[in-house]
Amino acid sequence: MLLDDPAVADVVALTRRPLAIPHPKLVPAVVDFAALAGAALPQVDDFFCCLGTTMARAGSRQAFREVDLVLPLAIAEMALAAGATRCLYVSSMGADPNSRAFYSRVKGELERLHMWSASFAAIWSAASSPTALPGRGAATAATTS
């Protein structure tokens with residue numbers, strides 16, 4: 001969707017492994033998400049985050065929280081520092097910071113933390129998100145022409 005939008009000049013995709021999607025607007029960046037401290041994004045206008053995992057894949061609550069809460073917040077801060085004015089984040093149905101279910105609670109905590117700037121946060125549940133957003137494990141920043 002972003003790659004086909006004529007208003008988007010470039011799409012910087014932070015991923016864990018190389019992408020097999022050649023496109024003249026796509027700027028893939030394979031990153032070590034565990035070593036983001038001190039990293040910087042190029043100048044961007046918007047930030048799209050669909051980074052996430054499952055409890056089964058994460059293996060522990062701490063690892064899940066790192067991928068679904070800590071990393072999206074860290075990358076959002078990087079995007080803000082790079083000029084982003086909007087953040088679009090794929091969350092989950094039932095996200096609630098007061099939920100008794102750990103998964104829903106973490107998703108709700110991130111939504112609440114992203115809402116510190118109404119102009120910066122837009123939340124979609126995974127069930128209602130646009131199907132053309134980058135695949136699981138991607139954080140994307142876009143610049144407009």
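**Exercise 1.** In this predicted model, find the residue that forms a salt bridge with Arg65, and say which helices the pair links.

*Solution.* 
Step 1. Arg65 pairs with Glu109, and their closest N and O atoms lie 2.6 Å apart.
Step 2. Arg65 sits in helix H2 (residues 61-81), while Glu109 sits in helix H3 (residues 102-114).
Step 3. The bridge therefore links distant parts of the chain, 44 residues apart.

**Exercise 2.** Decide whether Arg65 and Glu109 are buried or partly exposed.

*Solution.* 
Step 1. Buried means under 20% relative accessible area.
Step 2. Glu109 has 13%, so this residue counts as buried.
Step 3. Arg65 has 25%, and is partly exposed.

**Exercise 3.** Locate the salt bridge of Lys107 and describe the burial of the two partners.

*Solution.* 
Step 1. The side chain of Lys107 meets that of Asp68, at 2.5 Å from N to O.
Step 2. Lys107 belongs to helix H3 and Asp68 to helix H2, 39 residues apart.
Step 3. Both Lys107 and Asp68 are buried.

**Exercise 4.** Work out which strands the salt bridge between Arg86 and Asp46 ties together.

*Solution.* 
Step 1. The two side chains, Arg86 and Asp46, come to 2.9 Å, N to O.
Step 2. Arg86 is in strand E4 (residues 86-91) and Asp46 in strand E3 (residues 46-49), so parts 40 residues apart in sequence are tied together.
Step 3. Asp46 is buried at 6% relative accessible area, whereas Arg86 is partly exposed at 46%.

Conventions
Residues are numbered from 1 along each chain as its sequence is written. This is a predicted model: local features need pLDDT of at least 70, side-chain atom pairs count only at pLDDT 80 or more; totals for chains, interfaces and linings use all residues. Side-chain values use heavy atoms; hydrogens and water are left out. A salt bridge is a side-chain nitrogen of Lys or Arg within 4 Å of a carboxyl oxygen of Asp or Glu. Helices (H or I, at least four residues) and strands (E, at least two) are DSSP runs, numbered from the N terminus. Buried means under 20% relative accessible area, exposed over 50%, partly exposed in between (1.4 Å probe, protein chains only).
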